[in-house]
Amino acid sequence: MVEVIVFAVAAAACLAGAFGVVLTRNPVHAALMLVMTLFGIAVLFVALQAHFLAAVQIIVYAGAIVVLFLFVIMLLGVDRAAALSLGALPQQRWAAAVFAMTGLAVLVWLVAAVDRLFDGSGGENEVLTDALTDAAAADAYGTGVNDLAHSLFSDYVYAFELTSLLLIVAVIGTVILARRSEYSAVSDEASQ
């Protein structure tokens, strides 16, 4: 009975946060609603006995990624209201409709491809399914947090560091863009 209550509360928090992200007009409030959604997902992971995933969910996503979002939002000044009188161009509406239909077609194709993959009707995929269910194959890959950490910091250390470098470059680019728009606004005011 307690599991049902925990699930209901966490699911309600996830849904409320997701609707808050989509419906709020203030980007800072949207980022905070995203934090609520991510915490709800972490509670669901704990309910599924996936404690490592819950910790990663809170540390990486609710901690680092959302803080990066808030940093960029506040650095660019998007949290302040701006009076934009430009409306959507008619060509934009048609392009958006074509893009949405193409995206929907790709999504349907991907769902069908994944369904065939796990259905077992794909020939060589039966070997993959047998290997995934074999207990000896699971032991060969390791299942503990220590094995995951060893793999992450030995086999995939370059990809891990490249990801951190990519985030640093994104923050530096954001600072440069924010400074450029600040200087251009000052020079426009000075020229008038």
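**View 1**
The protein chain has 8 helices and 0 strands. From the N terminus on, its elements read α-α-α-α-α-α-α-α. Buried residues make up 13% of the 192 residues. The accessible surface comes to about 15,000 Å², and carbon and sulfur atoms account for 72% of it. Look also at contacts between residues with a separation of 6 or more: 53% of these join residues 24 or more positions apart.

The mean pLDDT of the chain is 75. Of its residues, 71% reach 70 or more. Among the elements, α1 has the highest mean pLDDT, 92. The lowest, 51, belongs to helix α5, residues 125–133. Where pLDDT is low, the predicted coordinates should not be read in detail.

**View 1. Helix α1 and its buried residues.**
Helix α1 covers residues 2–23, 22 residues in total. From first C-alpha to last it reaches 31 Å, close to the 32 Å expected at 1.5 Å a residue. Which residues of α1 are buried? They are Ala10, Ala11, Cys14, Gly17 and Gly20. Their cover includes α2, residues 27–47. An α-helix has 3.6 residues a turn, so residues three or four places apart point the same way.

Thr37 sits in helix α2. Is Thr37 buried or exposed? Its relative accessible area is 11%, and buried means under 20%, so Thr37 is buried. Setting aside neighbours within four places in sequence, Thr37 is in contact with Ala13, Cys14, Gly17 and Ala18.

**View 2. The largest nonpolar core.**
Which residues make up the largest nonpolar core? There are 8: Val28, Ala31, Val35, Leu38, Ala62, Val66, Leu70 and Ile73. Helices α2 and α3 each supply at least two residues of this core. Ala31 shows one set of contacts inside it: beyond residues up to four places away in sequence, Ala31 touches Val66 and Leu70. In soluble globular proteins, nonpolar side chains tend to be buried together.

**View 3. His29 and Leu70 across the sequence.**
His29 is in helix α2. Its relative accessible area is 43%, which means that His29 is partly exposed. Along the chain, His29 and Leu70 are 41 residues apart. Their C-alpha atoms are separated by 9.8 Å. Leu70 is a buried residue of α3.

**View 4. Helix α3 has a kink.**
Where is the kink in α3 centred? The kink is centred on Gln57 and amounts to about 25°. The buried residues of α3 are Ala54, Gln57, Ala62, Val66, Leu70 and Ile73. They pack against α2. Just after the helix, Gly77 takes a positive phi of about 75°.

**View 8**
What does Gln57 contact, leaving aside its neighbours within four places in sequence? The partners are Leu38, Ile41, Ala42, Phe45 and Ala62. Among them, Leu38 and Ala62 also belong to the largest nonpolar core.

**View 5. Gln49 in the loop.**
Gln49 lies in the loop between α2 and α3. Its relative accessible area is 60%, over the 50% cut-off, so Gln49 is exposed. Gln49 is not a glycine, yet its phi is positive, about 65°. Most residues other than glycine have a negative phi.

**View 6. Thr174 and Val72.**
Thr174 is placed in helix α8, residues 157–191. At 13% relative accessibility, Thr174 counts as buried. In sequence, Thr174 and Val72 are 102 residues apart. In space, they are 6.9 Å apart, C-alpha to C-alpha. Leaving aside neighbours within four places in sequence, Thr174 is in contact with Val72, Leu75 and Leu76.

Note on methods. Residues are numbered from 1 along each chain as its sequence is written. This is a predicted model: local features need pLDDT of at least 70, side-chain atom pairs count only at pLDDT 80 or more; totals for chains, interfaces and linings use all residues. Side-chain values use heavy atoms; hydrogens and water are left out. Helices (H or I, at least four residues) and strands (E, at least two) are DSSP runs, numbered from the N terminus. The expected span of a helix is 1.5 Å times one less than its number of residues. Buried means under 20% relative accessible area, exposed over 50%, partly exposed in between (1.4 Å probe, protein chains only). Contact means heavy atoms within 4.5 Å. A nonpolar core is a set of buried Ala, Val, Leu, Ile, Met, Phe, Trp, Tyr and Cys residues joined through side-chain atoms within 4.5 Å. The bend at a residue is the angle between axes fitted to the seven residues ending there and the seven starting there. pLDDT is the predictor's confidence in each residue, from 0 to 100. Accessible areas come from the Shrake-Rupley method with a 1.4 Å probe; for residues, only the protein chains shown count as cover.
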